[in-house]
Amino acid sequence: MEYLSRSLHELKKEPTFQYHPRCRKLDITHMSFVDDLLLFAKGNLSSLVTLYKYFSQFFEALGLQANLGKSSVYFGGVKQNVKEQILAHMGFEKGSLPFKYLGIPLSTKKIALIQ
């Protein structure tokens, strides 16, 4: 995973890649824990094609393959026609928000602390 992390950090040099709007300031392209991986990009086809290229190069270098049955794309504020283009190109299923990552619900809305 270290190789993948270093590779994904190189995305910022790619002119076709744009950060997810909430990730630019923090310079975040991904988060990983053991074998769970979240990838972040702006919701446009060129950014996701570039991100997927880096992701695929990692798997090809190691002779691995992503499990499409366990992979999803999540959208927030992306037009329907762009969603359809991205899903057709990537081959992943469309996930729905909120979803849980490491037991924490993730959503496009702020999570309030309940006491």
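Helix axes are lines fitted to C-alpha atoms over the stretch in contact, and the angle between two of them runs from 0 to 180 degrees between N-to-C directions. The views below come from a predicted model.

**View 1. Helix 2 packs against helix 3.**
Helix 3 covers residues 80–90. Its axis and that of helix 2 are 10 Å apart, at an angle of about 20 degrees. Angles under 35 degrees count as roughly parallel. Helix 2 and helix 3 are therefore roughly parallel to each other. Their crossing is right-handed. From helix 2, the contact takes in L45, L48, V49 and Y52. From helix 3 come Q85, I86, H89 and M90. Sorted by class, the contact of helix 2 with helix 3 holds six nonpolar residues, two polar ones and no charged ones.

**View 2. Helix 1 packs against helix 2.**
Helix 1 spans residues 2–9, and helix 2 spans residues 45–62. The angle between them is about 150 degrees, and their axes lie 10 Å apart. An angle over 145 degrees counts as roughly antiparallel. Helix 1 and helix 2 are therefore roughly antiparallel to each other. Helix 1 passes helix 2 in a right-handed crossing. Which residues of helix 1 meet helix 2? They are Y3, L4, S7 and L8. Across from them, helix 2 supplies L51, Y54, F55, F58 and A61. Eight residues of the contact of helix 1 with helix 2 are nonpolar, one is polar and none is charged.

**View 3. A salt bridge joins R6 and E2.**
The side chains of R6 and E2 meet at 3.7 Å, N to O. Both residues lie in helix 1. They sit four residues apart, about one turn of the helix. How many salt bridges does a search of the whole structure find? The search finds three.

**View 4. Strand 1 and strand 2 form a hairpin.**
Strand 1 is residues 30–33, and strand 2 is residues 36–39. The two strands pair in the antiparallel sense, over four bridges. F33 stands opposite D36 in strand 2. S32 has L37 of strand 2 as its bridge partner. Two residues lie between the strands of this hairpin. There, V34 takes a positive phi near 55 degrees.

**View 5. D27 has a positive phi.**
Look in the loop between helix 1 and strand 1 to find D27. The phi of D27 is near 60 degrees. That is a positive value in a residue other than glycine.

**View 6. The peptide bond from L97 to P98 is cis.**
Where does P98 lie? P98 is in the loop between strand 4 and strand 5. Strand 4 is residues 93–94, and strand 5 is residues 99–101. At the bond from L97 to P98, omega is near -5 degrees.

Technical notes. Residues are numbered from 1 along each chain as its sequence is written. This is a predicted model: local features need pLDDT of at least 70, side-chain atom pairs count only at pLDDT 80 or more; totals for chains, interfaces and linings use all residues. Side-chain values use heavy atoms; hydrogens and water are left out. Two strands pair if DSSP finds at least two bridges between them. Angles under 35 degrees count as roughly parallel, over 145 as roughly antiparallel, 65 to 115 as roughly perpendicular and the rest as oblique. A crossing is left-handed if the near helix is turned anticlockwise from the far one by less than a right angle, and right-handed if clockwise. Contact means heavy atoms within 4.5 Å. Ala, Val, Leu, Ile, Met, Phe, Trp, Tyr, Cys and Pro count as nonpolar, Asp, Glu, Lys and Arg as charged, and the others, Gly among them, as polar. A salt bridge is a side-chain nitrogen of Lys or Arg within 4 Å of a carboxyl oxygen of Asp or Glu.
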